[in-house]
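Colleague: I would like to learn how to read a few backbone and helix features. Please take them one at a time.

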Amino acid sequence: MRKLAQYAMRGNKQATIVAVLFAIIPVLFWVSAAILALVILRKGYQAGASVFMWSLLPAIVWWSGGDPTPALTLIGVAGLASVLRYSANWAYVLVASILAAAASMPILVSYLQDVMTAFAEAGISLQAEGVDKVQIQSLMEGLLGAVHMAILLACVVLSRWWQAALYNPGGFQSEFHQLRLPLWLTGSLAFAVFGLGNITDMTQWLFVLSIPLLFTGLALVHGLVEQLKLGRVWLIATYLGFVMLGELVFTLLALLATLDSVFNLRQRLPVRVKKLE
């Protein structure tokens, strides 16, 4: 993947070729979006404009065939990459990702009826437990929006990692490890997710609003593991726990992100230096 990014950054022609090619291939549109983000991060939006326009053409063809996801991903990632380039602040990127998901959700729901049907079938067990049908529909829509939002953020993360690997080794790791949301944003998100969760009108937003807390919590865990020299087994345990005990681990990560906003945990904990043997 690094060699692919290295080839794309030889010039706009090469970047355009790679972006268009992967925009054409089913299921690999996210690579096209990540290449576009890399061009924007490194050279600016003006340089990325031509890459964006050419890669958008096959995405529009996909949209005309009933799948707006590639086009919405390209548009969303271009916006997030621009925010990151000109602000150098991941908190702003997370806020922008919420807005992008909110704008994309109605379009995705209206076009991806097969996906929504599959989600609805998965929610039958919830209905059996007494959950209202309208609430199930809102949950499924929110899940679709959250998945789209996660894809946008993953593309920007990949492009930022590429940029660091090619031009600033170790830069992304340091940037990611220091991610800390301002208290007003963390408090607002935590209140919305945990305080308004039982309100039907808020149901579809629960998944979307929880993504920034999850993202920040994971960044904190990565940062603490590095700072305290705990070893990668802690990271593996975190991700395995999230897969197996999703709700519990998410709650813990959200709590950690909130506590970090209040107390700045990384500054209060010691920095350990790994001993050479």
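Colleague: Does asparagine 264 count as buried or exposed, and at what relative accessibility?

Modeller: Buried means under 20% relative accessible area, exposed over 50%, and partly exposed in between, with a 1.4 Å probe and protein chains only. Asparagine 264 has 17% relative accessibility, so it counts as buried. This is a predicted model, where local features need pLDDT of at least 70, side-chain atom pairs count only at pLDDT 80 or more, and totals for chains, interfaces and linings use all residues. Residues are numbered from 1 along each chain as its sequence is written, and side-chain values use heavy atoms, with hydrogens and water left out.

Colleague: What is the phi of asparagine 264, a residue other than glycine?

Modeller: Most residues other than glycine have a negative phi. Asparagine 264 has a positive one, near 50°, and is found in the loop between α14 (246-263) and α15 (265-268). Helices here are DSSP runs (H or I, at least four residues), numbered from the N terminus. Alanine 88 also has a positive phi, near 55°, in the loop between α5 (69-87) and α6 (90-111). Alanine 88 is exposed, at 51% relative accessible area.

Colleague: Where does α6 bend?

Modeller: The bend at a residue is the angle between axes fitted to the seven residues ending there and the seven starting there. For α6 it is about 35° at serine 104, and proline 106 follows within four residues.

Colleague: How many residues of α12 are buried?

Modeller: The count is 21 of 23, so α12 is mostly covered. Lysine 229 follows α12 and has a positive phi, near 55°.

How values were computed:
Helix = DSSP H or I, 4+ residues; strand = E, 2+ residues; numbered from the N terminus.
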